[in-house]
Amino acid sequence: MSSSTPTTRSRTSLFLSYRDSRTRSTRFSRPRHRPAYDDLDPLDDEHQGLISSSPSHVAVDVNELPPQWVDLADQVEDLLVDAQSKIVSLDKLHSKHILPGFSDRTQEEREIEALTTSVTKDFRRCHFLIQKIGSFQPHTFPPDPQSSRNELHTAKNVQRGLAAKLQDLSATFRKKQRVYMEKLQGQATKNQDLLVASGAISLKGSEGLSAVDDDIQAATHTRNQSMSLVHADPSAELRARDRELTEIAKSIATLAELFKDLSVLVIDQGTLLDSVEYNIERTAVDLEESVKELKVATK
């Protein structure tokens with residue numbers, strides 16, 4: 001006799017996704033008072049179920065676990081705080097390094113380079129985590145389309161908010177890098193760049209994108225000028241300065257690319273906020289007109 005293997009389909013992955021999205025307890029509370037063995041009726045004990053129907057046995061329902069994107073958002077917030085602390089330390093090193101002196105500053109340059117690289121890596125990590133939040137797909141059991149849509153909208157809003165924070169901090173750091181680069185070259189710095197670098201103002205929308213292109217051009221110009229000086233006088237001091245300017249130019253280029261990638265989310269959010277603000281303004285105008293009409297009607 002020949003036996004055929006039945007067709008099967010594994011649902012393990014679906015079960016695991018449901019289980020991870022909604023965890024419930026299978027334990028039941030037991031009554032604190034337990035009767036003595038002599039008080040039990042053997043006949044009743046024979047027919048007693050494993051789980052009593054008495055009110056003393058209550059199922060314990062564990063609260064639903066937060067979605068996975070909440071952990072990602074917390075990681076982004078922690079990285080931004082850490083990056084801000086590093087930027088403060090880097091500002092102090094920049095201020096010290098641009099002062100005139102004759103001592104060997106190789107250690108200072110290494111510390112500046114290490115901090116700059118660390119901050120840039122933190123920004124890249126934040127960008128990666130924010131992208132993961134946007135790719136979140138909710139799983140609920142039993143399936144609830146409305147709850148899934150609400151959770152998805154919440155994740156998108158959190159993603160936009162974090163993207164705006166990252167963009168503002170990275171733009172401020174990019175301007176700090178440009179100001180530091182221009183001070184090393186002895187060049188004049190624009191007042192707007194100083195304000196952005198200090199965090200007093202932030203450039204949004206088309207102004208922010210224009211500032212990105214301007215920073216890239218300035219970094220490229222400074223880099224080419226430094227290379228020309230090295231070719232004319234290949235001294236050890238100029239080579240060290242050229243290497244430092246090269247690292248700053250690379251940092252500015254990386255931060256500029258990050259700013260453009262985040263602009264897609266931030267501009268969408270800005271458009272939405274502009275629309276809400278416009279509607280509020282229109283409502284205020286309509287209310288004023290209505291009040292005027294009521295005054296005329298009551299006369």
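This is a predicted model: local features need pLDDT of at least 70, side-chain atom pairs count only at pLDDT 80 or more; totals for chains, interfaces and linings use all residues.
One aromatic pair is present.

- In soluble globular proteins, nonpolar side chains tend to be buried together.
- Ile133 touches Trp69, Leu72, Ala73, Ala155, Gln159 and Leu162, leaving aside residues up to four places away in sequence.

**Aromatic pair and a charge over a ring**

- The structure's one aromatic pair is formed by Phe123 and Phe173, with ring centres 6.0 Å apart.
- Their planes stand at 70°, so the pair is edge-to-face.
- Phe123 lies in helix H4 and Phe173 in helix H5, so the pair ties together parts that are 50 residues apart in sequence.
- Phe123 is buried, at 0% relative accessible area.
- Phe173 is buried too, at 1%.
- Arg174 places its charged end over the ring of Phe259, 5.3 Å from the ring centre.

**Around Lys86 in helix H3**

- Lys86 and Asp82 form a salt bridge, with an N to O distance of 3.5 Å.
- Both residues lie in helix H3, four residues apart, or about one turn of the helix.
- Lys86 is buried, with a relative accessible area of 16%.
- Asp82 is partly exposed, at 33%.
- Asp122 also reaches Lys86: a polar contact of 2.9 Å joins their side chains.
- Asp122 is in helix H4 and counts as buried at 10% relative accessibility.
- Asp122 touches Leu79, Asp82, Ala83 and Lys86, not counting residues up to four places away in sequence.

**A bridge between helices H3 and H4**

- Lys96 forms a salt bridge with Glu108, and the closest N and O atoms are 3.7 Å apart.
- Lys96 belongs to helix H3 and Glu108 to helix H4, so the pair ties together parts that are twelve residues apart in sequence.
- Glu108 is buried, with a relative accessible area of 15%.

**Salt-bridge network**

- Salt bridges link Arg174, Lys175, Arg178, Glu182, Lys190, Asp193, Asp214 and Asp215 in a network.
- Asp215 is in helix H7 (residues 205–232) and counts as buried at 0% relative accessibility.
- Asp215 touches Arg174, Lys175, Arg178 and Ile252, not counting residues up to four places away in sequence.

**Ala249 and Arg174**

- Ala249 is in helix H8 and is buried, with a relative accessible area of 14%.
- The C-alpha atoms of Ala249 and Arg174 are separated by 9.9 Å, with the residues 75 apart along the chain.
- Arg174 is also one of the members of the salt-bridge network.

Definitions and conventions:
Residues are numbered from 1 along each chain as its sequence is written. Side-chain values use heavy atoms; hydrogens and water are left out. Contact means heavy atoms within 4.5 Å. Rings of Phe, Tyr and Trp (its six-membered ring) pair if their centres lie within 6.5 Å; planes under 30 degrees apart count as stacked, over 60 as edge-to-face and the rest as tilted. Helices (H or I, at least four residues) and strands (E, at least two) are DSSP runs, numbered from the N terminus. Buried means under 20% relative accessible area, exposed over 50%, partly exposed in between (1.4 Å probe, protein chains only). A charge sits over a ring if NZ of Lys or CZ of Arg is within 6 Å of the ring centre and within 35 degrees of the ring normal. A polar contact is a pair of N or O atoms within 3.5 Å; within protein, one must be able to donate a hydrogen and the other to accept it, and residues adjacent in sequence count only if both atoms are side-chain atoms. A salt bridge is a side-chain nitrogen of Lys or Arg within 4 Å of a carboxyl oxygen of Asp or Glu.
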